[in-house]
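Q: Please take a close look at one part of this structure, the metal site, and then go on to the helix packing and the salt bridges.

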Amino acid sequence: MYRNLVLAMALVWGALPAMAQTIAIRAGNLIDPAKGTVSKDQIIVVKDGKITAVGPGVSIPKGAEVVDLSKEWVMPGLMDAHTHVTFQEIPGKAPFEAMYLKQSTAYRALEGVHIGQVLLNAGITTMRDVGNEADYACVELRKAIQAGWVDGPTMLCAGKIIGPFGGQSKGMPQEIGPFWLHEYIDADTADEIRKAIHQNIYYGADVIKLATDNSDYFYTEEEIRAAADEAHNAGRALAVHVYGGKAADNVIRGGADSVEHGFALTVDQLKLMKEKGTYLVGTDFPEAHLAGLNPSNETLADAKKLGDQIIERLKNANNVGVKMAFGSDTVTVLPGKTRADMVFDYLAIWKAAGVSNADILKAMTTNCADLLRISKERGAITEGQYGDLVAMPGNPLQEIESLRKVNFVMKDGKVIREVK
Ligand SMILES: [Zn+2]
C-alpha cells in the first residue's frame with residue numbers, strides 16, 4: 001500500500017528515482033545461473049537499490065516490505081547484449097534506409113522509451129544497445145532512465161556505428177550523398193577510427209561498435225587492433241559486426257571483445273575465438289523473423305537457408321566451448337508479437353542447437369555481465385549487487401520457455417512488475 005501511495009505521489013510530482021526503502025523477498029526457489037544450481041527458501045534483502053543480504057536464515061529487517069515469491073523461481077534480471085531499441089524496421093517493403101529519412105532523433109528516443117519498457121516488463125533489466133540511434137537517441141534515453149524520469153532497463157549505448165565508407169547501405173546513387181551519416185561514422189584508416197571512437201565517447205558511448213563487412217572492403221587486423229586499443233584505453237569493450245571470412249579473421253586476431261552475428265564463422269575461427277577469449281554474440285535469428293512481413297518464395301528459401309546456418313553455427317560454437325552472451329538484434333515487427341515476444345523466440349533456436357537450459361540462462365546473465373564489464377554490479381543475486389531480479393511460476397532450468405512467463409520484475413531495487 002505504502003508503495004502505491006508513493007507511486008501515486010510520483011505521478012503527481014514526476015517519477016522519482018529508486019526509493020529509499022527496504023524490501024525483503026521470500027524466494028521459494030533461487031537460481032544461481034553461474035552454477036546452474038537452485039537454493040530453496042531464501043530471503044533476499046534489498047535496501048536503497050542494492051542487495052544487502054541473501055540466505056536461508058536471513059532475518060527480515062523491521063519495517064521492511066515483504067514480497068512473497070515463495071511459489072516462484074527467482075533469478076537475476078535477464079540481459080540482452082545486442083539490442084536496437086531506438087530502431088524498428090518500417091513494416092512493408094520500404095528499404096532499411098527509410099527509417100533514417102522519415103524519423104527524427106526525438107521520435108527515435110520516444111520509440112526507445114516504449115520498446116525499453118516492453119523489454120523491462122518482460123524481465124530484461126539490462127541491455128547493450130549497439131547503435132542505429134540517429135543522433136545519440138539511446139544516450140539521451142539512458143540519461144532519462146538514470147534520472148528516474150521513465151522506467152527502462154539499465155543501458156549501455158554505442159552511439160554511432162563506425163564503419164568503412166558507406167555505413168550499412170549498399171549501392172546508393174552518388175548524387176544522394178552520404179545520408180547514412182545520420183546513423184554511422186565513416187572511418188577508413190586507423191587514425192579515422194581513433195577519431196570516430198573519441199567522438200562517440202565524447203557524446204556518451206559506453207561501448208564501441210564497428211560494422212566491418214558491409215562492402216567488399218573491410219577493416220584490416222591492424223585497424224581492428226587500433227580500435228580495440230582505443231576502446232580499451234577508455235575502459236570500453238569493442239563489439240564488431242561481422243559475418244565471417246577474412247574480415248572475421250581480422251576481427252578475432254585484432255582483439256575485438258565480441259563478434260556480433262558471425263553467421264558464417266568456421267569451426268577453426270570459433271576455436272581461435274575460444275583461444276583468444278572472444279565472445280560470440282550470435283544474434284541467432286529464427287527463420288520466421290528472417291522471412292519477415294512480406295515473404296515471397298525466394299525470401300522464404302533464403303530464410304530457411306540462413307536459419308539452418310545459424311543453428312549449425314550455434315551448435316559448433318557450443319561444441320567448441322566459445323564464450324557466448326545472449327544477443328537478439330530484433331528490429332522487425334511481426335503481427336501480434338511484442339519486441340519481448342520476439343526476443344524470447346530465440347530460446348527455441350538455442351534449444352535446437354543443443355545448448356543446455358543452464359547454459360542459456362548463463363548466457364543471458366553471468367556471461368552478458370562479463371562482456372558488458374558490469375559483473376561487480378549486476379548479473380548475480382549476491383550481497384552488494386544491484387537489486388535486479390525476475391521471478392516466474394515455472395523452472396527455466398527444466399523448461400526454458402518458462403522465461404516467457406516472468407511475472408515479477410525488480411530493477412535497481414524498484415518493483416517494476418508485481419505478481420498478480
Ligand atoms: Zn544489430
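**The zinc site and its surroundings**

A: Along the chain, the donors of the zinc ion are spaced as H-x1-H-x244-D; donors are N, O and S atoms within 2.8 Å of the metal (3.2 Å for Na, K and Ca), and sites may look incomplete because water is not among the atoms. Histidine 82 belongs to strand 5 (residues 78–83), whereas aspartate 329 sits in the loop between helix 10 (297–320) and helix 11 (339–344), so this pair ties together parts 247 residues apart in sequence. Helices (H or I, at least four residues) and strands (E, at least two) are DSSP runs, numbered from the N terminus. The protein donor atoms are NE2 of His82, NE2 of His84 and OD of Asp329, at 2.1 to 2.2 Å from the ion. Both histidine 82 and aspartate 329 are buried (under 20% relative accessible area; exposed is over 50%, partly exposed in between; 1.4 Å probe, protein chains only).

This is a predicted model, in which local features need pLDDT of at least 70 and side-chain atom pairs count only at pLDDT 80 or more, while totals for chains, interfaces and linings use all residues. Residues are numbered from 1 along each chain as its sequence is written, and side-chain values use heavy atoms, with hydrogens and water left out.

Helix 8 (residues 267–276) has Gln269, Leu270, Leu272 and Met273 buried. These four cover an arc of only 155 degrees around the axis, which puts them on the same side of helix 8; the arc is that of the directions from the helix axis to the C-beta atoms. Asp268 and Glu275, on the other side of helix 8, are exposed. The cover over the buried residues of helix 8 includes helix 7 (245–253), strand 12 (258–261), strand 13 (279–281) and helix 10.

Aspartate 284 and arginine 313 meet through their side chains at 3.0 Å, N to O. Arginine 313 lies in helix 10 and aspartate 284 in the loop between strand 13 and helix 9 (287–291), so the pair ties together parts 29 residues apart in sequence. Aspartate 284 is buried, at a relative accessible area of 0%, and arginine 313 is buried, at 2%.

Another salt bridge joins lysine 414 and aspartate 151 (3.0 Å, N to O). Lysine 414 is buried, at 14%, whereas aspartate 151 is partly exposed, at 32%.

Technical notes:
Contact means heavy atoms within 4.5 Å. A salt bridge is a side-chain nitrogen of Lys or Arg within 4 Å of a carboxyl oxygen of Asp or Glu.
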